[in-house]
Amino acid sequence: MTKKEILLRQEELLEFPSFDEEDALLLGNLIVKRAKEARYKIAVLIRLNDGLTLFQCTTKGASLLNQIWAEKKFNTTRIMRKSSFLAVLEAEEIGQTMADHGLQESCAYAPGAFPVRVKGAGIIGAVAISGIMDLREHDFVPECMAEYLKISDFPLVMEKEYIL
């Protein structure tokens, strides 16, 4: 499968039956736990499309810059309604930049944000992180989401041994 096919498959598979504050807390804590195990210095953000932040945390060594980038990636996913990495690939296909949309201040074409999709409701928000190298940063979020949803045999852009 191509990277784009993998990303589309990830988005298809990761659908929550419902998603509320408790889910955000549990998923956020799982992401933080996995990040600590891998010694990643990241900012984590789980936010609804209306702007309500349900979870926000940094691991030891993360910086304000990581938090700012997580917010930009969240905005990309919220506006484009797809993972920020899928948005990157599709923009590259047509030679598009954030400046073409007038969004260069608030968004970023960079991996690390993934939509929160709820059955029957569609995309209601996103999980965004910043602080890991690009492809690992992308796979880290959906892999944690798949673990939370108990989805096995989940496709990744990179090989698993490089993720966690």
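A: Directly after helix 4 comes Gly 95, whose phi is positive and near 70 degrees. Before going further, note that this is a predicted model, in which local features need pLDDT of at least 70 and side-chain atom pairs count only at pLDDT 80 or more, while totals for chains, interfaces and linings use all residues. Residues are numbered from 1 along each chain as its sequence is written, and side-chain values use heavy atoms, with hydrogens and water left out.

Helix 4 itself covers residues 84–94, and its buried residues are Ser 84, Phe 85, Leu 86, Ala 87, Val 88, Leu 89 and Ala 91. Here "buried" stands for a relative accessible area under 20%, "exposed" for over 50% and "partly exposed" for what lies in between, with a 1.4 Å probe and protein chains only. Helices (H or I, at least four residues) and strands (E, at least two) are DSSP runs numbered from the N terminus.

A search of the whole structure finds 3 aromatic pairs, where rings of Phe, Tyr and Trp (its six-membered ring) pair if their centres lie within 6.5 Å, and planes under 30 degrees apart count as stacked, over 60 as edge-to-face and the rest as tilted. In one of them, Phe 16 and Phe 19 have ring centres 4.9 Å apart and planes at 75 degrees, so this pair is edge-to-face. Both partners are buried, Phe 16 with a relative accessible area of 1% and Phe 19 with 12%. Tyr 40 and Phe 140 form another edge-to-face pair, with 5.4 Å from centre to centre and 85 degrees between the planes. Because Tyr 40 lies in the loop between helix 2 (21–37) and strand 2 (43–48), and Phe 140 in helix 5 (residues 134–148), this pair ties together parts that are 100 residues apart in sequence. Tyr 40 is buried at a relative accessible area of 12%, and Phe 140 counts as buried at 0%. Ring pairs also link Phe 16, Phe 19 and Tyr 148 into a cluster.

Leaving aside neighbours within four places in sequence, Ile 124 is in contact (heavy atoms within 4.5 Å) with Phe 19, Leu 48, Asn 49, Val 116 and Val 118. Leu 48 is 76 residues away from Ile 124 along the chain, yet their C-alpha atoms are separated by 5.8 Å. Ile 124 counts as partly exposed, at 21% relative accessibility.

The protein has 5 helices and 5 strands, which run α-β-α-β-β-α-α-β-β-α from the N terminus on. Its radius of gyration is 14 Å, close to the 15 Å that the globule rule gives for 164 residues, so the protein is as compact as a globular protein of that length; the radius is taken over C-alpha atoms, and the rule is 2.2 Å times the number of residues to the power 0.38. Along its principal axes the C-alpha trace spans about 35 × 35 × 35 Å. Of the 164 residues, 48% count as buried, and among contacts between residues at least 6 apart in sequence, 66% join residues at least 24 apart.
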